[in-house]
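Colleague: I am new to this structure and would like to go through it with you. Could we take it piece by piece?

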Amino acid sequence: MKRTTLAIHHLVAGLALIYAGGALAQAPGYPAKPVRIIAGFPPGSGADITARVIGQKLGEAYGQQVLVDNRLGAGSNIAAELAAKAAPDGYTVFIGTVANTINATLYAKLPFDFARDFAPVALTTSAPNILVVHPSVPARSVAELIKLAKARPGQLNYASAGIGTAPHLSAEMFRSMSGISLAHIPYKGSPPAVTDLTGGQVALMFSPASSVLALVKSGRLRALAVTTAARLPTLPELPTIAESGLPGYETVTWFGFVVPAATPRDIIGKLNSDTVKVLAQPEVRQQFATQGIDVLGGTPEQFAAYIRSEIVKWARVIKQSGARAE
């Protein structure tokens, strides 16, 4: 199957949002009680923000509470297992992320299968990543960084949010595609990694844009490129890694709603349609934009294809990097 990129999803999402007007979709009797959205990451994370913003609007439309339940641990596997084993009645939704497609290969054994045990609802949002370096690094472009790394094999170190996280594997994909050698310094989350990068303890990092934009604009970090297929509206002068000499490179941190696999199709259809309608609201789009989060959309089928493509992509990166969950 040809790989479906987020660039295509942006186009699909735009078309979906244009036609998202009208009444809420129909699924007789649903919802008749509160809906729970399980998130595997803490309050303030992209997954949590996405769940809360959309959940609030759905709750207002439904006249029912839509509650976010943060269940942390094991790279969101604890939350995913809980959601996978929930009743397939539409009252438990899981906010899946890129981590779930990474974990499918990163962990030798899981008590669930993300692709098999969940039915996709909608790819909702994404957060772009930026390749940033400390100002002391004598590289002002991706090409210069690759040249520097080849001249100093294994001497440049990079920070990540931990082994097997999206920032780690984004760097590993970059390393593999460019043929360079870098030293990995894993941290327990992005905040301490960004702190040490800003302090010069590490040379570079692939970081969520929201974590480093202010530091880039203040000159405390230097941005070399974005990991997305297209340039960022907030930093239009910043090239993509793909256009900087590594065609085909693309990674993003994405978020999307899924439900237990046996959930009735009419409920999935209603959740999809109503979620896309929420994403079309100007105030919602603005709310996400202020957090550095892009609005997506599309159909359950498109999201399913994207999940499959992400599992294949990250399996290849994990195999090449030798990463394993600790």
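This is a predicted model: local features need pLDDT of at least 70, side-chain atom pairs count only at pLDDT 80 or more; totals for chains, interfaces and linings use all residues.

Colleague: Where does T195 lie?

Modeller: T195 lies in helix α8; helices here are DSSP runs of H or I with at least four residues, strands are runs of E with at least two, and both are numbered from the N terminus.

Colleague: Is T195 buried or exposed?

Modeller: T195 counts as exposed, at 52% relative accessibility. Buried means under 20% relative accessible area, exposed means over 50%, and partly exposed is in between, with a 1.4 Å probe and protein chains only.

Colleague: Which residues other than glycine have a positive phi?

Modeller: A74 is one of them, with phi near 55 degrees, and S76 is another, with phi near 85 degrees. A74 lies in the loop between β2 (66–70) and α3 (77–84), and S76 is placed in the loop between β2 and α3 as well.

Colleague: Are those two buried or exposed?

Modeller: A74 is partly exposed, with a relative accessible area of 38%, whereas S76 counts as buried at 1% relative accessibility.

Colleague: What does S76 touch?

Modeller: S76 is in contact with F94. Leaving aside neighbours within four places in sequence, F94 also contacts I38, G40, A79, A80, A83, N100, F114, F118, G256, F257 and V258.

Colleague: Which core has F94 among the residues with the most contacts?

Modeller: F94 is among the residues with the most contacts inside the largest nonpolar core, along with L131, L145, F174 and I241; this core has 51 residues. A nonpolar core is a set of buried Ala, Val, Leu, Ile, Met, Phe, Trp, Tyr and Cys residues joined through side-chain atoms within 4.5 Å. Helix α12 (residues 300–321) gives the most to this core, with seven residues. A second, separate core of 33 residues includes V121, A127, V284 and I293.

Colleague: Let us turn to helix α11. Where is E283, and how far is it from K109?

Modeller: E283 is found in helix α11, residues 282–289, and is partly exposed, with a relative accessible area of 43%. The C-alpha atoms of E283 and K109 are separated by 42 Å, and the two are 174 residues apart along the chain.

Colleague: What about Y62?

Modeller: Y62 is found in helix α2, residues 46–62, and is buried, with a relative accessible area of 14%. The C-alpha atoms of Y62 and R36 are separated by 13 Å, with 26 residues along the chain from one to the other.

Colleague: And the whole protein: how many helices and strands are there?

Modeller: The protein has 12 helices and 11 strands. Its radius of gyration is 20 Å, close to the 20 Å that the globule rule gives for 326 residues, so it is as compact as a globular protein of that length. The radius is taken over C-alpha atoms, and the rule is 2.2 Å times the number of residues to the power 0.38.

Colleague: How much of it is buried?

Modeller: Of the 326 residues, 55% count as buried.

Terms used. Residues are numbered from 1 along each chain as its sequence is written. Side-chain values use heavy atoms; hydrogens and water are left out. Contact means heavy atoms within 4.5 Å.
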